Amino acid sequence: MTRIYAVIDTNVIVAALLSKKDDTAVVRVMRAVLGGELIPLVHKEIIAEYYEVLRREKFHLKEEIIDAMLNSIIAGGVEAFPKPSGEILIDMDDLIFYEVALDRQENDAYLVTGNQKHYPIRDFIVTPAEMMRILENLRNHSPKGQDTDK
């Protein structure tokens, strides 16, 4: 199975949980995370943001759905301890997402976000649709039976 590392921005998880369709890019990204094809990179600040945002009343998400999703992300994830980048972002709450992905570039890690305008223009910062194209490309070009860890 092709597996790649990715930091999943909170907006992707929210959009997937609120989606009415099961074939949207955000839903497919989260399915790849839950299926182990996308290995989530996590940090205590990222997990704290996930919990805080997903529990916002405006989303009307059930506690058991939030817990199931986040427990799966944590269980399948790899904890990262990035060095400060010194980067100044439009929303500094997004800095940890950027720094974790930046710190894991030796693993070709991605940052998957629906808000690319919040980040500098970098090849590793992709939309959910772009992430799915990257995964498809890797699936189609990996020899059968070979594990491709990036």
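These legends accompany close-up views of a predicted model.

**View 1. Confidence across the predicted model.** The average pLDDT of the protein is 93. A score of at least 70 is reached by 93% of the residues. Where pLDDT is low, predicted coordinates should not be read in detail.

**View 2. Helix H6 and its buried face.** H6 covers residues 128–141, 14 residues in total. From first C-alpha to last, H6 reaches 20 Å, close to the 20 Å expected at 1.5 Å a residue. Five side chains to find are Pro 128, Met 131, Met 132, Leu 135 and Leu 138, which are buried in H6. Seen down the helix axis, the buried residues of H6 fall within an arc of 125°, so they line one face. On the other side of H6 sit Arg 133, Asn 140 and His 141, which are exposed.

**View 3. Helix H5, mostly covered.** H5 runs over residues 95–103. Of its 9 residues, 7 are buried.

**View 4. The salt bridge between Lys 83 and Asp 103.** The side chains of Lys 83 and Asp 103 meet in a salt bridge, at 3.0 Å from N to O. This pair links distant parts of the chain, 20 residues apart. Lys 83 lies in the loop between strand S3 (78–79) and H5, while Asp 103 belongs to helix H5. Lys 83 is exposed, with a relative accessible area of 60%.

View 5. Arg 56 pairs with Glu 52 in a salt bridge, and their closest N and O atoms are 3.0 Å apart. Arg 56 is partly exposed at 34% relative accessible area. Glu 52 is also partly exposed, at 43%. Arg 55 forms a salt bridge with Asp 67, again 3.0 Å from N to O. That pair links distant parts of the chain, 12 residues apart. Asp 67 is in helix H4 (residues 63–76), and Arg 55 is in the loop between helix H3 (44–54) and H4. Both partners are partly exposed: Asp 67 at 26% relative accessibility, Arg 55 at 36%.

Methods. Residues numbered from 1 in each chain as written. Predicted model: local features only at pLDDT ≥ 70, side-chain atom pairs only at ≥ 80, totals over all residues. Heavy atoms only, no water. Helix = DSSP H or I, 4+ residues; strand = E, 2+ residues; numbered from the N terminus. Expected span 1.5 Å × (residues − 1). Buried < 20%, exposed > 50% of the residue type's maximum accessible area, 1.4 Å probe, protein only. Arc of directions from axis to C-beta. pLDDT = per-residue confidence, 0-100. Salt bridge = Lys/Arg side-chain N within 4 Å of Asp/Glu carboxyl O.
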